[in-house]
Every structure is written in structure tokens, then in C-alpha cells.
Amino acid sequence: MLTALSAVVGGATPPTLVVGPNVKCSNYSRRLRIWAGEFPDFIPKQVENIKDPYARKLASRIERLPVNFSKSCVMSSCVKPKEQKEANPIVLLHGFDSTCLEWRYTLPFLEEAGLETWAVDILGWGFSDLERLPSCDVASKRDHLYQLWSTYIKRPMVLVGPSLGSAVAIDFSVNYPEAVDRLVLIDASVYAEGTGNLATLPKAVAYAGVYLLKSRPLRLYATSLVFNGLPLSTCIDWTNIGRLHCLLPWWEDATVNFMISGGYNVIDQIKHVKHKTLIIWGEDDQIIDYKLGVRLHCELPNATLRQIPNCGHIPHVEKPDVVSRLIVEFVQSDQSQRAKPDSVFTVSIPVISESPVPPKNMLIALSAVVGGATPPTLVVGPNVKCSRRLRIRAGEFPDFIPKQVEDIKDTYARKLASRIERLPVNLSKGCVMSSCVKPKEQKEGNPVVLLHGFDSSCLEWRYTLPMLEEAGLETWAVDILGWGFSDLERLPSCDVSSKRDHLYQLWSTYIKRPMVLVGPSLGSAVAIDFSVKYPEAVDRLVLIDASVYAEGTGNLATLPKAVAFAGVYLLKSVPLRLYATSLTFNGLPLNTCIDWTNIGRLHCLLPWWEDALVNFMSSGGYNVISQIEHVKQKTLIIWGEDDQIIDYKLGVRLHCELPNAIIRQIPKCGHIPHVEKPDAVSRLIAEFVRVDQSQRENPNSVSTISVPA
């Protein structure tokens, strides 16, 4: 809780908000002038020492409004909206022992999106005047908020509560349902049974604890733990923001008063919430387990749950653009559905992420291929319109997927896993039930068929495949024979010729049209081998960080089987894969690292995996060097600029040796662009397909392809 307290009031500077085609939001960072006006005289003078321009700007807007309740009047601090709008207002609460300043990044986004937005300090915290200290128990906090609402807001509100603010919001909405239109609960702390043993502490001990909670060293240490790697100056500044309200002379009394009152226990009230509710949860929340978010989703009668990847307990500070967009679309969708009750509205999450540290060797690359940063929303240019309609929720998983899939948290991986099917494919010596992800619908153009890398599965396309579909491309993701989730109980040969024959039979049975064949890493060798042998099946090739100059499996082909099986068993082990993932993506939270490792080794849990892999290794593997010059199809080569596994010089060599190829490099990207930079890869593939189609229809036209940085 102490860590969460410090975290609530610190965070990264927010990126620009894009709230969709119906909610045009101008560039906030360019329009809002960040300077400190005169601060209200009731704000502690230490506000002058704060450097964060967003905190300074919001602090300058804080007002005190007279609120009459319980035989007294409290001058209550809040940030009022700049203007009144037609729609119901947004009212932002805050977390435990915090202030409206924790909304310094998100509130301006909501205002720029056209929403009337209040930020209200809960009684006992924030910057209200409590010189004549009222009771700060739950009933008083509730009554104070009601009196403020009935005096100034006067319309049903969208009440937003983060952390303990969710308990405040639930308690209020159950007691005053007429005041609330909808609820937004963010990483909700609603299953704690009040303040627990703190309520029974002697007052002297309680005051000593509160004094310690206020101390700069403790808050500075907590901030440094929550935001690892912060520059010292930033860490100090965020600590100053977090403890600013603690400098008011009545803060200790108000906090102790709340602690000994017993605090919030709303467990029994949850089922009585009748309002439509949006639950937002940071995927990496280390304070409150995501399972409690799922439980809350199940117990609330009318709720939706949205998870934000790569985000902790304080999404409105860490990912303000995402939180703002979710709130805006929640409000807009509800308005749209009221106007058109038969309409369907979907919500998606944009993510801005930095590319992970590049892999250092093939083992790390293996782990990296099936883990990575969640992709930003795809924008593929004026000629390739990509909507933002992807619904992120996991359905029922096929029963042939190992049951450990239930433990995976990555929403994109869960969604794609739920779509995997097995199709019967007849080979020379039998039928194999072959795993793949089929397209949602057949399109007019050539289908895109996605292969994968060495010892992987179609799940490595979990970020890119939905983007290609949203760009209007018919897209398959196919598991190469011997890997993925196919049924190999009657183990066929898994050598090169068998993999080739299997892919041809699948194509001739189901796809039946020349395809755009996409191969990453070793999948590029699979694609080259196939296109040379079956040129009629391939319209174009896309080769991504291609592993095509290795001479097969080398000495591994001559290993005694006992040694080969021992090596394969080690390759499957959780500690080794977890270590590899942690090296590949430096600084990952442990729970995320574990999740990506689970994705990467899921197919290894099938009972025939060891046999199939040893079969391939001992067969000699792929050696396509002599085949490269025979590739006749137009080819797009994509290469990560920072690939540490396969040197870019080999990409240039491949470009020179292929008769009809173009090469595109993606900056700040390693060996796995379709995981690290799925938006860039999707755009390149979409434009490669569309440009080629355009040139066929208009042979005299000239088109160019560019790479988004």
C-alpha cells in the first residue's frame, strides 16, 4: 500500500491521445502552454519547488468550494471543469491518501476530448480546509461527496475511482444511485476489509506511523522502487508531488481519524451496484492481483473489463492516453447506443511501447520470438484503412491446446489461441490434424500465409495477424509440421521434404490460390524451399530477418539420440526459457517475463514435441543457399536494424542474390520485428500487397513503400 501510495502520484509524461474517428482530439502537448500561474494561497508553498509542468498547471487550477454537511461547512478542494457540456460530467476521485494532482496527465486529455471533467479531493485528503476537523470516516466522506454533487454538479455523473477510490465510488453509488450514471473502476481496491488492525492501534502509535508515512526518505525510497531507474531529480520531484498535501497542518489528524474509524469494507455492496461499469486494470499491477479484477467483473451485474498491457497499479499516471481513450470510448459508446440502441460499439487499447533489448544468441531469440511488447494501433496509410475494432477477450480454448494456456495473461495470445483449429491434411503415409488460424473471411486478393520461426507456433503472430486482418487482408497463420499444435501422435517424418509436402497439401486442400508467403527467421528457409519447389502456389514472398545461410543443423545431426533428447529436454525447461526471456527483454517485471515464457513453451507441452524436434535435428535441417537464385517471385525483405542474431549484411547479400527483391529496414528493432514492431511489419506487408495489386491494375503507375519509424 505504501508503494502504491507513492506510485499514484508519479509517472511518465503522457503521449498524445487519439480517441478515434468520432472524437477528434487535438495535440494537447502542442496546445497547452505549460507554465505556473499564481498558485492558490492554500496550497503549501513547497508547490513552488515542483518541476513537473503538468502538476504545476493542475495545482494552479485547484479551488476551494464551500460544502455544507453535518452541522458544518468545509471549504472543499477540487478542479472544476473549464465549461459545462451537454453530456453527463466526469468526476475523478483519487486513491488512498492522495489528491486530485494524480490526475495531472489524464484530466487534460479528457477535457481535450470534449468531456466536462471534475477532479475532487475526498474528504480528509487533498487540499480542503480541515482546520475545524470533521469526522473523516466512511459515512462522512460519502455525505461530503453527496453534498458537493448536489450543490455544484447536480446531474448524474460518470464517477471514476482508482485503487481505494473504487471503494469510495461503489459505496457512494449504492447509497446515492440517482447521482451516478456510470462507474469507472481502476485497479480497484475493493476486497480489503477496512483498515484492519490499524483501527485498534493506540493513538500514539497511530500518529507515529502516520508521521513515518509522511517522511521524505520513506516516500523517496518507495518512489524509487515503483519506478526503477528514475533519475534522482525526477524521483525527488515526484516525491514532492506525492507528499504536498501532507504538509497541511491537519493532515495527521485526518489520516489517523480515518484509520481508527475502520475504513472501507464494500465487499457486500458490490452485488448491489446497478450502474454500467468499466473496469480498467494494469496488466503488471503488483499491488492488487488481476484475479481480483476478474472476480469484480464477475460479481458486478453490468460490467466490462479492459486490461492495459505493460502497466502497473496506476494506469492514469503510467498510461494516461490509454485510460483517457477507454473512458472517452466508454462514454461515447454509451451515448451512441442510447441514440441507436441496435448499434454495436467496440473498444480497443492503443499502446505506445519501446522496443525491447535485442537478443544476444539463438537460444534467447527462440524465447524472444514468442514474447514481446504489445503493439500500438496500426495506421497503414491513406490507401490501407485499418479500423480499431479488435475485441480483446479470450474465448474458450480448443481442447487440444495444453491446459496451461489458461495461465497465460497476454490478451492477444489468449485471443489467438482461442482461434486455433486443426484441419485434416493427407500426407503420403497418413493424415495429420494440422493446427492453424484460419481467416475470418475470404477476400478477393491473394491470401497472406504466415509461417513462424524455429520451434515456435502461430502464437508468435498474436500482435501482427489482427492488424493484417484489420487492414482487410485474408490472413492465415500455419504451424509448420513438427512444431505448433498439430496432432503428431502417429509421428510422421519431420524432415525438410515432409514439412514441404505438408504445407503443399494444406495449401492445395484449403487455400487453393497463389499466396503471399511470409517467413520469419528459419521460416524464411521454409518459404524459399517451398516457393522453388511449388512456384505455382506462391504469388509473392516476405522474408523477415531471414535465416537462410545456415548449412542445416550442422553437428546436431550427428549427435547420439540420447544426447539429442537430453538437449531438447533442457531446451524445454522453464528456468532456461525464463532466463532467456529475461535477458532478451531487460527490465521486464517478473510476472510478465513468466507469462511470455509460458507462451513460448506452450507447444512444448504436447507429448510428441521431443520426438518431433529430435527427428528434425537428426534429419539435417534446412540448407537453401543454392536455392536462393531460383526464387522467381517478387520478394519483400524486412530486417530489424538491431538484429544481433543474424547480421544485416546477410540481408543485403540476400537482397543482391534474389532476382526480384526489395529490402526494408526497421529502426530500433531486433530479430523479431513482427513481435517488437508489429505495426511497422503490418504496414510493410499491407503496402507490399496493395502496391503490387495497384501496379497490376495500372501497370504504368509508380508506387513507393516507406517504413514507419
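Biologist: Is serine 163 buried or exposed, going by relative accessibility?

Modeller: The model is predicted, so local features need pLDDT of at least 70 and side-chain atom pairs count only at pLDDT 80 or more, while totals for chains, interfaces and linings use all residues. Residues are numbered from 1 along each chain as its sequence is written, and side-chain values use heavy atoms, with hydrogens and water left out. A residue is called buried under 20% relative accessible area, exposed over 50% and partly exposed in between, using a 1.4 Å probe and protein chains only. Since the relative accessibility of serine 163 is 6%, the residue counts as buried.

Biologist: What is the phi of serine 163?

Modeller: Serine 163 is found in the loop between strand E5 (157-162) and helix H6 (164-175), where helices (H or I, at least four residues) and strands (E, at least two) are DSSP runs numbered from the N terminus. Most residues other than glycine have a negative phi. Serine 163, a residue other than glycine, has instead a positive phi, near 55°.

Biologist: Where is aspartate 455 found, and what is its relative accessible area?

Modeller: Aspartate 455 also has a positive phi, near 45°. This aspartate is found in the loop between strand E11 (448-450) and helix H16 (464-470). Aspartate 455 is buried, because its relative accessible area is 1%.

Biologist: How many residues does the protein chain have, and what share of them is buried?

Modeller: The secondary structure of the chain comes to 25 helices and 16 strands. In the protein chain there are 709 residues, and the buried share of them is 58%.

Biologist: At what angle do the axes of helix H19 and helix H22 cross?

Modeller: Two packed helices are described by the angle between their axes and the distance between the axes. The axes here are lines fitted to C-alpha atoms over the stretch in contact, with angles running from 0 to 180 degrees between N-to-C directions. For H19 (residues 561-572) and H22 (residues 609-619), the axes come within 10 Å and the crossing angle is roughly 125°.

Biologist: Which class of orientation does this angle give to H19 and H22?

Modeller: Angles under 35 degrees count as roughly parallel, over 145 as roughly antiparallel, 65 to 115 as roughly perpendicular and the rest as oblique. H19 and H22 are therefore classed, relative to each other, as oblique.

Biologist: How do the residues in the contact of H19 with H22 divide by class?

Modeller: With contact meaning heavy atoms within 4.5 Å, the contact is made by Ala564, Phe565, Val568, Leu571 and Lys572 of H19 and by Trp609, Glu610, Asp611, Leu613, Val614 and Met617 of H22. Ala, Val, Leu, Ile, Met, Phe, Trp, Tyr, Cys and Pro count as nonpolar, Asp, Glu, Lys and Arg as charged, and the others, Gly among them, as polar. By these classes, the residues of the contact divide into eight nonpolar, no polar and three charged.

Biologist: Which kind of ring pair do tryptophan 483 and phenylalanine 616 form?

Modeller: Rings of Phe, Tyr and Trp (its six-membered ring) pair if their centres lie within 6.5 Å, and planes under 30 degrees apart count as stacked, over 60 as edge-to-face and the rest as tilted. The count comes to 17 aromatic pairs. In this pair the centres are 5.1 Å apart and the planes stand at 70°, so the pair of tryptophan 483 and phenylalanine 616 is edge-to-face.

Biologist: With which residues is arginine 500 in contact, leaving aside its neighbours within four places in sequence?

Modeller: Arginine 500 lies in helix H17, and this arginine is buried, with a relative accessible area of 18%. Once its neighbours within four places in sequence are left aside, the contacts of arginine 500 are Asp529, Phe530, Lys533 and Tyr534.
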